[in-house]
Amino acid sequence: MPAVTHPAHQKGDFLVDYEEKVFEDVKADPGEKALVTFHTVAFEGSIGFVNLLQALRLNRKGFETSILLYGPGVTLGVQRGFPKLGDEAFPGHQNFNNTLVKFMAEGGKVYACRFALQALYGHGEPSLIEGITPINPLDVLDLVLIHHKAKAFQLHTWTV
């Protein structure tokens, strides 16, 4: 049987070279836009949170960045908490809310489909995090097309 001769990893050890960057740090040219769409349920996996962080990063790179919450994606934009709204029931419980608030505070725009909000998930507009703009379901496609015509970068987040 082979013997393990390497010492056990210790807290504070580095397992990879996280400082080496292979590609240039791309920044937006003046007027460039980005759209990140979400058709995924909050807490159903990491993709919703990871792409919220990507939207925040796009914004910080200078892109005029918008987020579209539609279908199950509206669940990312509702106020949550337990036992009261705003309370963190477990570590990370407010990740979506806090990141959306930070994104909007840094100039990002967030839109949520009214149809999904009410018809699919039983919420009204007062359930949304302050600053999120509710939109007509017919505006969902138009928002994507506006960004397409502007040759905007688009990142689409959805799960099945």
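Residues are numbered from 1 along each chain as its sequence is written, and side-chain values use heavy atoms, with hydrogens and water left out. Because the model is predicted, local features need pLDDT of at least 70 and side-chain atom pairs count only at pLDDT 80 or more, while totals for chains, interfaces and linings use all residues.

Helix α4 spans residues 137–149. Helices (H or I, at least four residues) and strands (E, at least two) are DSSP runs, numbered from the N terminus. The buried residues of α4 are Val140, Leu143 and His147. Buried means under 20% relative accessible area, exposed over 50%, and partly exposed in between (1.4 Å probe, protein chains only).

The N-terminal end of α4 is capped by Asn136. A side-chain oxygen of Asn136 lies 2.7 Å from the backbone nitrogen of Leu138. After α4 comes Lys151, with a positive phi near 55°.

Within α4, His147 has a relative accessible area of 5%. A polar atom of its side chain lies 2.9 Å from the backbone oxygen of Leu143. Leaving out residues up to four places away in sequence, His147 touches Lys33, Ala34, Leu35, Ser66, Ala152 and Gln154. Contact means heavy atoms within 4.5 Å.

Helix α2 covers residues 95–105. Its buried residues are Phe96, Asn97, Thr99, Leu100, Phe103 and Met104. Among the elements that cover them are α1, β2 and β3. Just after α2, Gly107 takes a positive phi of about 100°.

The largest pocket holds about 220 Å³ of space. A pocket is an open set of points on a 1 Å grid over the protein atoms alone, where a 1.4 Å probe fits, with protein on both sides within 12 Å along at least five of seven lines; lining residues have an atom within 4 Å of a point. The lining comprises 13 residues, with Val26, Gln54, Arg57, Leu58 and Lys61 nearest the centre. Helix α1 gives the most, with 4 residues.

Methods: Grid points are joined across faces, edges and corners, and a volume is the space filled by probe spheres set on the points. A polar contact is a pair of N or O atoms within 3.5 Å; within protein, one must be able to donate a hydrogen and the other to accept it, and residues adjacent in sequence count only if both atoms are side-chain atoms.
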